[in-house]
Amino acid sequence: MDAMKYLPLVLAGLMRRPARTLFTFLSITVAFILFGILAAIDGGMAHQLEAARLDRLLVDTRYGTQLPLAHLDRIARIPGVTVVAPRQILVGYYRDPKTPFGIIMTDRRFFDVRPELNATKEQIDTLLKTRTGALITVFSAKRFGWKVGDKVPVISNTLRRDGGHAWTFDIVGIIDDMDRPGKARYFIGNYDYMDQERTSQKGTVDRILVRIKDPARATQIGRAIDAAFANSDAPTRTGSEKSERQSDIRSIGDVGFFTRAVIAAVLFMLLFLTGNTMMQSVRERVSEFAVLKTLGFSDTAVLTLVLAEALVLCGLAAGAGLVIAKIGVPLIGEVSPDLGQLLLMPWPALLTGLGFALAVALVAGLVPALKARRLSIIEALRT
Amino acid sequence: MKEIIVVTWMSLRTIPGRWGSSLVVVVGMACAVGALVSILSMSAGFLRTMTSTGSPSRAIVMSDGALGEWGSTIAHDEAVTLTDMPGIARDGGGKPIVSADYIAYTLVSKKSDGLDTGVAVRGVSGEDPKLRPEIKLIAGRWFRPGQYEIVVGKGAQEEFEGLKVGDRVTLPEGEWLVTGTFESNGGANESELITDASTLLSAMRTSQYKSMTVRLASPASFTQFKNAITSRPGPALEISRESDYYAEQSKSFDEFLKTIAYVVGGIMGLGATFGALNTMYSAIAARAREIATLRAIGFGGAAVVVSVMSEALLFCLIGAALGVAFAWALFNGYQHSMGGLVIRLAVTPALALTGIGFALALGAIGGLFPAARAARMPIVDALRAV
C-alpha cells in the first residue's frame, strides 16, 4: 500500500497537539458508546420480534374478563389447531417486594406450544408429579441464586385458601430458551396447584396459547377462535405472537423515533466538535502545509492528508467507543439482569456506527481540507 | 472584586474573535440539554397527568395485595357495607358520596399508526359527579344508566379512532353509543371511557366491582376511614389516599424514564464537556499573552480563574437555553400515548432549571482545569513568547 507511507505524517499531524486530539477523541468515543447502547436497545427489540413464532397464536380476553378453561377444549376442536395450553400468571416477589415477577402456571401442553424451551421429558414429568414443583430458566436461577432442590417462598397478591399470601415452590429443574439462551426469564409451575389453592377466579386462565399447523392460516384461525366466543361470557381477542410483542414495545412509546432522534443529535454535536478541531489544526499549520506543497505535495495530496487525519481520528475514536459498548452491554446484564435482557448489540450495528463516524469525519473535515488545498505557498510562507 | 469584573469583561469581549470554537461548547451543551429535557418532559407530563388524577380528599379501596385496580375485586355486598363507614362525606340528602367502580377495556386503533390499543372503560356509580367534580362534560350529553351508552375522555378521543360523539364502541352486548366528551383537569381519566357501573357489570356478566372510591369528609378523615375498615370483620382490604395511590402507581415508570434521561443526557454531556475542555484550553492559549500581561501588572490569579470560568459558563448557559428552547418548541404540549394512557409532554420551568443547572455543572468542570492552568501559567515564559 503506497498510501500507508503517509500514515506517520497523518499521525504526526494529529499528535501535534496531543491534548486537543485526546479531548476530541474522548468526546467521539463517549458519543459512540451512547450510539452502541441505543443500537443495543433497538437490536434487543428487533430480536424479540424475530424470535416470535408465526405458528403460535395468543388468545387473550377482549374486554378484561378471565377466560374459562372450557375455552381450551372448544379451541382444540377448531380445524388447523394442533396444541392448546392454559396460562395463568401468578404475580409475586421473592424477598424484595420491589422486584415482582410473573410465574407461569400451566401444564404439559405449554412445552408443546413453546418447543424452544429445552425441558426434557423427565424434567416435565417431575414437574407434573410434584404439585409445588417449578422449572426455571438459567436466567432466573442466576438472578435469584436458586438451584435444583431449593424450596422457595414467593409472596403473591393472590390469596391462598388458608388466608396466606406465601406460595411455596420446589425447584425441580433448570431449563433454557434456545431462542434467547441465558436471557429468558421463565418460572413455570403447575396450574392445578394454583387453581386448587386460590380462592377466586377458579377454573379460569388469563391467556390461552395455541399452536397451529399452517402459519399462513394464522389470521383465519384467529378469527375463527374469536368468532367462537363472541357471544360467550368471555369474548376473546386472538393475535399472533409478533403483533403482541409489537404492541408491548409500542406501549412504552415510539422507541425507534427516540433512538434515531438522539443519534441525530449526537452526530450533529460531533460534526461541530470534529470540524472545530480540524479547523484549528489546519489554521495552526498553515506554514507547514506551505512547506509540504513546496516539497512537491499536490493540492489534492494536502486535501487528502487533512481528510485522512479526520478519518483516522473519528474512525479510531468511534471504533473504541463501539468496542467499549459491545463489551459493556453484556456487563450491564451482569449488573442488572432486567436491563440486560432487553439489550442485544448486533454486529452490523458496529459497522453502521463506523460508517456514521467516517461520514462525520468527511463532512467535518471538508472545509478545513479545502482551506489547506486552496492555500497559496507564497502567501502562507510570507507570514 | 473590581479587578475580577474588569478581567472577566475583557475576556468576554474577545469572544467574537473565537466564535468558531465557542460554538462547539454551545452546540454540544444544546444537544445534551435538549436530549435531557426532552426525555424528562415525558416524565413531567406523565407525573402531571397522574398527580392531577389523585386527590388527597378521596380514598380508594381495593382488595388486599392488589397491585392496582385491575388486579382487585370487591364483592357487591362488601361495596354496600363500605358506604356506611365513618369518615365519608355526605351530600345534602345525607347520601354518602362514593362510587364503586368496575373497569373493563376495549380495543381501539391509534390514529397515528393504526395499532390496536386497549383503553379502559370505567363503570361508575350514581354519585360520581359529586365524587369527581373535575370530570366535566364538554360536548354531547351524559350517558343514561341502563342504556348501552358511554362518554369518552378528551385525550382518548383525540388519540384513538372511532370515539367521536355518535360513534359506536364495541363492548359486550353489542355496540355502545358515544353520547358525550368529558375533560378531567388533564388527569388519567381523560384517557378513559366512562359509563354506568351496573350497566357495565351486567354486560360483563359479573357482580364484582374492582375498586371503590370515596370522598372523605375532610382530608384528615382518612385515618378514621381506614381504621374503621381495618377493624371491621371480613376480607382484608387495601385503603389508600387517592393521591398516594396515583403517586405510587407512577413511581417505577417515572424512575425508568428519569434513568434513561440522565444516562442519555449524561453521556452526551460528558462528550460536550470534553468539547468544552478543548475550547477553553485553546481559548487560554490564544489569550496567553494577555493573561500574562495582566498578571505582570498585578492582577491576581483569582481574577484570571473567574474570567475563564465565566466564559465557559456563559457558553454553557447559552447552549442550555438553546437546548431547552428546542425541547420546548418541539415537545411542550405534544400529545403522546403510552399504551392506553394519553399524556401531554411538559417542558416545565422546573425542567428548564434542571437543564440549565446540568449544563452549568458540566461547564464548571470544563472551565475549571483550563482556568487553573491559566492562573498558574508562568508569567515569564508567556511573555517571552511575545
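User: In this predicted model, how do the residues lining the largest cavity divide into nonpolar, polar and charged?

Analyst: The lining of the largest cavity divides into three classes. Residues in this lining include A:Leu14, A:Met278 and A:Leu313, and Leu and Met count as nonpolar. Arg and Glu count as charged, and A:Arg16, A:Arg17, A:Arg20 and A:Glu309 are among the lining residues. The division is three nonpolar, four polar and four charged.

User: Which helix gives the most to the lining of the largest cavity?

Analyst: Helices H1 (7-14), H2 (18-51), H10 (255-284) and H12 (299-335) of chain A each supply at least two residues of that lining. The highest contribution is three residues, and the helix that gives them is H10(A).

User: How much space lies in the largest cavity?

Analyst: Searching the whole structure gives three cavities of 30 Å³ or more. For the largest cavity, the space is about 70 Å³.

User: Is B:Asp254 buried or exposed?

Analyst: B:Asp254 is part of helix H8 (residues 242-286) of chain B. Its relative accessibility is 7%, and the cut-off for burial is under 20%. B:Asp254 therefore counts as buried.

User: Which residue's side chain is joined to that of B:Asp254 by a polar contact of 2.7 Å?

Analyst: Leaving aside neighbours within four places in sequence, B:Asp254 is in contact with B:Phe46, B:Leu47 and B:Ser43. B:Met42 is 212 residues from B:Asp254 in sequence, with 8.9 Å between their C-alpha atoms. The side chain in the 2.7 Å polar contact with B:Asp254 belongs to B:Ser43.

Definitions and conventions
Residues numbered from 1 in each chain as written. Chains lettered and ligands numbered in written order. Predicted model: local features only at pLDDT ≥ 70, side-chain atom pairs only at ≥ 80, totals over all residues. Heavy atoms only, no water. 1 Å grid on protein atoms, 1.4 Å probe; cavity = no way out; pocket = protein on both sides within 12 Å on 5 of 7 lines; lining within 4 Å. Points joined across faces, edges and corners; volume = space filled by probe spheres on them. Helix = DSSP H or I, 4+ residues; strand = E, 2+ residues; numbered from the N terminus. Buried < 20%, exposed > 50% of the residue type's maximum accessible area, 1.4 Å probe, protein only. Contact = heavy atoms within 4.5 Å. Polar contact = N/O pair within 3.5 Å; in protein donor to acceptor, adjacent residues only side chain to side chain.
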